[in-house]
Amino acid sequence: MSLRTILLLAAGPFLFAQSEDQAKQLDRVAQVATAMVDGDVCLRIQTPRSLQFLLKTDPRDPWLASDNYDVDDQAFIQTKKALMRLSRLCTEACDANLWMPVTSSPSQIQIMIRNVYEMSGFWKWGDLHQEMPPEMKRVLATGDRVTVRRGSRMISVLAPVYDSLGDIVALVEIVSQSKRDLRENVK
Amino acid sequence: MGLPEHLRPDPFGGIVEADRVTGAAPAHQIVLESGRAAYASCHLIAILPEGGAYGLEVQGFPAESGLQTDLYREWFHFLTASKRFYPDALVPVQSSYRSAMPEPDNRIPHQTAQAFWVDIWVPANTRPGTYKTTATLKAGGGAASIPITLRVIGATVPAEDAVAIDHNSYGTSWLADDYPSLRDRLGADFFASDEFFTLIHSYHRIFYENRGVFHQLGYGHAGKVGPEFAPRLEGSGKNKHIVDWTLFDRQYGPLFDGSAFATSRRGPKPIPFVYLPINPEWPASFLWWGEPGYEKEFVNVVSAMERHFREKGWTATRFEMFFNHKKRYKGFPWDGDEARFVRDYDYIREYARLLKLAVPADTPVKFVTRADVSWTMERQFKELAGIINFWVCGGGEFGWYDYAPRMLKERGDIVWIYGGTPAVTEPSSHITLQVLRPWMWGIDGFVHWQTTAPGADPWFQFEGGSEALVYPGDRFGIAAPIPSIRLKIQRNAVQDITLLNTYRKTQPIERLRAEAARHFNETTTKDWWTPKPAFASKDPLEWTNADEASPEDPRFGSTLDAAAWQRVRAYVLELAQEVK
């Protein structure tokens, strides 16, 4: 057994405890997110015109959906500011991202607002919308908060967002990385 | 054997399919002609049908000539799609060079020919005249020589390029991927090491040496700024301020004072352009957008930047406030890049207001406001006049507006167009179209939107290089980029057009343009503009990329032959003879 292995084994419980503490903290922020993020405002973020194009495809125009992607400034800014404030509750760098199901295609979900550290445990860079991960499906179906670990470094906590009717219309991803890549996604 | 620069060899003694023109074949002598303060180039080919060990030696020119020869081995990339080999990456080698056929590392079955790119630097003080040297191939106990003749004319290529050819890139994370040897050696210190900053500078240097500009965008679509692209900030609101310039100055100091180019043949010179890190999340937090704190954070930090630049004497570079983000990447509610929605213009107006507040009117530091425009460029030219003063325009759409260059230049704006990079499978002249077009249009430059991404395996599973004009040298033990044939051909075209441009002092520019167009592809200056298609008069929200623009003129595409630029060069050299 090498010295490195011994050190890793010795550090293991400490690292696990640290990760658990981080997950608990993110969970607390996610809980606040459910209380603070306004689902009715979220529903107004993407413009009706843009929604019409979201799933359209044209072999002669691969950018048909993205070139028509548009948002309502006020709804976007109001929600983004709420997410930015939430991320300030984290003691370590974290992002609060907003995700919304694609109502016309229940198997799809789209990230709707990202933030400054450009972290997400789910977003594939550049995707306008994507297949709904089972963890997100669970949050939208049950209202549970769900903690998801990606590799050894990234933890996301997903929390539901409700509208005034009591329906879950979106979810927030509170995400942090134990060893942040300062240059990833600078592009 | 030898070939002129525009006829790229294949690894079997022939010429690549894209460059074949009637009567072209490897020759037993090389004759070049060049102005001064310029490069002349050609291919040398070692052909060994039986294979085996060989050596190539290029003798130097007489020392008093000042002529300097650079030798590069041409890497033959295997293209997965076409199953063919094309040369592009240029590996610097010493003369004499010893190896074996097939070239061991290139691993080409049945290879019989290895090509070498020869660059001859003609200093500005070289005496006009004819210079001769030879290249000698030794193999199997025998030797064969090829004479190289260079005729140096009296004309000197000006140091300032007639058109700026810009090479864009994004961030720095790719450097760790492209230089695994360096990354593994430096470990966690890679991004803080002197080697890292030297590597960045080497990218600027290779483009500068080859008569180009290099841009690195330093932030992401949601506002994340790479640490070396901005000073470090602390505080919030009225207390937000710069606390550390270290990484920024390590990256940019040698670029802004020109010392990064001290060893270049073109001499030290500050970079002409740079992206600022300004974006909707930097330096002001978007949390305060629309509130007094946003203005305070923006103005305080940008004012401090202006002071820092001024105190350092960094007054030759244009600092670009440029917004690259798009709302489709979900970071911000408006498009900075290629704005399509007219209401997004208001954000640009607000940033222009903030910049004006931050920067003293009489500053010697050159701040510019840049916009990359496509869908609504015509409307932006009008509505953002006096706000945007650096336009980077989609090349296709800009061709609809023949009145635009004059209008924009008369108000003092900088005007570039942007586009992609021809893949290696296109005729070698196609990259020169991007040099000639801005000059024909009377604008200032062209941007290759991405030039440092050759793909996951450019060596054996090449995708064509339409996002690369340099390659990582790591594979060859070089901690710096290595050039490409396309970059060299482009450079030589920039030299020629820069020399041609000098004759506007003695001849009408329209005549020079007409002759250049005629020689290039038998067109008239009018042919370089495209009629505005009917759909372009509608609201841009009603068009799509599938709308049929005017059919492409084949003279600018499918029938543009590899020799197109050589005809322009012949014209330029003819003019130089007339004027001397």
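**Note on a predicted two-chain model**

1. B:N501 has its place in helix α11 (residues 485-502) of chain B; helices (H or I, at least four residues) and strands (E, at least two) are DSSP runs, numbered from the N terminus. This is a predicted model, in which local features need pLDDT of at least 70, side-chain atom pairs count only at pLDDT 80 or more, and totals for chains, interfaces and linings use all residues. Residues are numbered from 1 along each chain as its sequence is written, while chains are lettered from A and ligands numbered from 1 in the order in which they are written.

2. By the rule used here, a residue is buried if 20 or more other C-beta atoms lie within 10 Å of its own, exposed if 12 or fewer, and partly exposed in between, with C-beta atoms placed from the backbone. Leaving aside residues up to four places away in sequence, B:N501 touches B:A162 and B:W439; contact requires the C-beta atoms of two residues, placed from the backbone, to lie within 7 Å. B:N501 and B:V572 are 71 residues apart in sequence, yet their C-alpha atoms are 9.5 Å apart in space.

3. Chain B contains 13 helices and 22 strands. For 580 residues a compact globule would have a radius of gyration near 25 Å, and the 25 Å of chain B agrees with this. The radius is taken over C-alpha atoms, and the globule rule is 2.2 Å times the number of residues to the power 0.38. Along the principal axes, the C-alpha atoms of chain B fill a box of roughly 80 × 55 × 45 Å. Buried residues account for 47% of the 580 residues in chain B. Of the contacts in chain B between residues at least 6 apart in sequence, 70% join residues at least 24 apart.

4. An open sheet of 8 strands in chain B has the order β12-β11-β20-β19-β18-β17-β16-β15, with parallel pairing; two strands pair if DSSP finds at least two bridges between them. The edge strands of this sheet are β12 (213-217) and β15 (273-275) of chain B, each of which pairs on one side only. From one strand to the next the twist averages 30°.

5. Within chain B, strand β11 (residues 164-170) is joined to β12(B) by 5 bridges, and the two run parallel. B:Y170 stands opposite B:L217 in β12(B). Strand β16 (residues 318-322) of chain B is likewise parallel to β17(B), to which 5 bridges join it, and B:E320 stands opposite B:V368 in β17(B). Strand β17 (residues 366-373) of chain B is largely enclosed by the rest of the structure, because 6 of its 8 residues are buried.

6. Strands β13 (residues 232-234) and β14 (residues 241-244) of chain B pair in the antiparallel sense over 3 bridges. Opposite B:E234 stands B:H241 in β14(B). The hairpin of β13(B) and β14(B) has 6 residues between the strands, and B:G235 takes a positive phi near 85° there.

7. Helix α3 (residues 194-209) and helix α4 (residues 246-256) of chain B pack at an angle of about 35°, with their axes 9 Å apart. Axes are lines fitted to C-alpha atoms, for helices over the stretch in contact, and angles run from 0 to 180 degrees between N-to-C directions. In α3(B), B:F197, B:I200, B:H201 and B:H204 meet B:R250, B:Q251, B:P254 and B:L255 in α4(B). The contact of α3(B) with α4(B) has 4 nonpolar, 3 polar and 1 charged residues; Ala, Val, Leu, Ile, Met, Phe, Trp, Tyr, Cys and Pro count as nonpolar, Asp, Glu, Lys and Arg as charged, and the others, Gly among them, as polar.

8. Chain A has 6 helices and 6 strands, and its elements run α-α-α-α-α-β-β-β-α-β-β-β from the N terminus on. With 187 residues, a compact globule would have a radius of gyration near 16 Å; the 18 Å of chain A agrees. Buried residues make up 40% of the 187 residues in chain A.

9. Between the chains, 31 residues of chain A are in contact with 27 residues of chain B. On the side of chain A that touches chain B, α4 (64-67), α5 (73-87) and β2 (108-113) of chain A each supply at least two residues. The most comes from α5(A), with 6 residues. The residues of this side of chain A divide into 15 nonpolar, 3 polar and 13 charged.
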